[in-house]
Each structure stands twice: as C-alpha cells, then as structure tokens.
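Try each task before reading its solution.

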Amino acid sequence: MHLRRLREARGLTLEELASRSGLSFRGVVYVEHGQRNPSLTTLLNLARGLQAEPSVLLAVFDGRDWGDNN
C-alpha cells in the first residue's frame with residue numbers, strides 16, 4: 001500500500017510508473033500488492049520512477065517494532 005500511496009501522490013498510473021522504472025506493468029502490480037518482495041535493484045528502479053530517494057520507499061518501516069530489545 002505504501003508504494004501505491006507514493007505513486008498516486010505523484011499522479012502516476014501503474015503503466016507510467018512501470019515505464020519510468022524500466023519494470024514490467026505486472027512487476028509493479030505484484031510489488032504494489034505485496035505479492036512479490038522486490039530486490040534492491042527493483043527498489044532503486046522504483047525510486048527512480050517515482051523521482052524519489054530510495055529511503056522514501058523504506059520509510060514504511062520507520063518506527064516499527066521488529067522485536068529487537070536493544
């Protein structure tokens with residue numbers, strides 16, 4: 001859902017993001033719907049397509065408790 005929010009906030013369709021990212025339409029759909037875990041290369045390509053820093057895609061994990069008690 002995070003990728004979808006970012007994409008929609010930029011006014012991009014799935015097709016436009018796929019084209020800008022150099023990814024297939026289906027590939028973007030799979031990542032956006034959580035059906036595939038993207039590789040680092042895919043994350044970098046999606047960030048390029050969104051014209052955003054890669055960290056923006058990972059911001060969904062900020063402040064999340066991963067069970068680390070340190």
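**Exercise 1.** At what angle do the axes of helix H1 and helix H3 cross?

*Ground rules.* This is a predicted model, where local features need pLDDT of at least 70 and side-chain atom pairs count only at pLDDT 80 or more, while totals for chains, interfaces and linings use all residues. Residues are numbered from 1 along each chain as its sequence is written, and side-chain values use heavy atoms, leaving out hydrogens and water.

*Solution.* 
- Find H1 at residues 2-9 and H3 at residues 25-32; helices are DSSP runs (H or I, at least four residues), numbered from the N terminus.
- Their axes cross at roughly 120° and come within 8 Å. Axes here are lines fitted to C-alpha atoms over the stretch in contact, with angles from 0 to 180 degrees between N-to-C directions.
- H1 and H3 are therefore oblique to each other (under 35 degrees is roughly parallel, over 145 roughly antiparallel, 65 to 115 roughly perpendicular, the rest oblique).
- On the H1 side, Leu3, Arg4 and Arg7 make the contact, meeting Val28, Val31 and Glu32 of H3 (contact means heavy atoms within 4.5 Å).

**Exercise 2.** Which residues of H3 are buried?

*Solution.* 
- Pick out Val28, Val29, Val31 and Glu32; buried means under 20% relative accessible area with a 1.4 Å probe, protein chains only.
- Look down the H3 axis: these buried residues fall within an arc of 165°, so they line one face of the helix (the arc uses directions from the helix axis to the C-beta atoms).
- Their cover includes H1, helix H2 (14-21) and helix H4 (40-50).

Methods: Helix = DSSP H or I, 4+ residues; strand = E, 2+ residues; numbered from the N terminus. Buried < 20%, exposed > 50% of the residue type's maximum accessible area, 1.4 Å probe, protein only.
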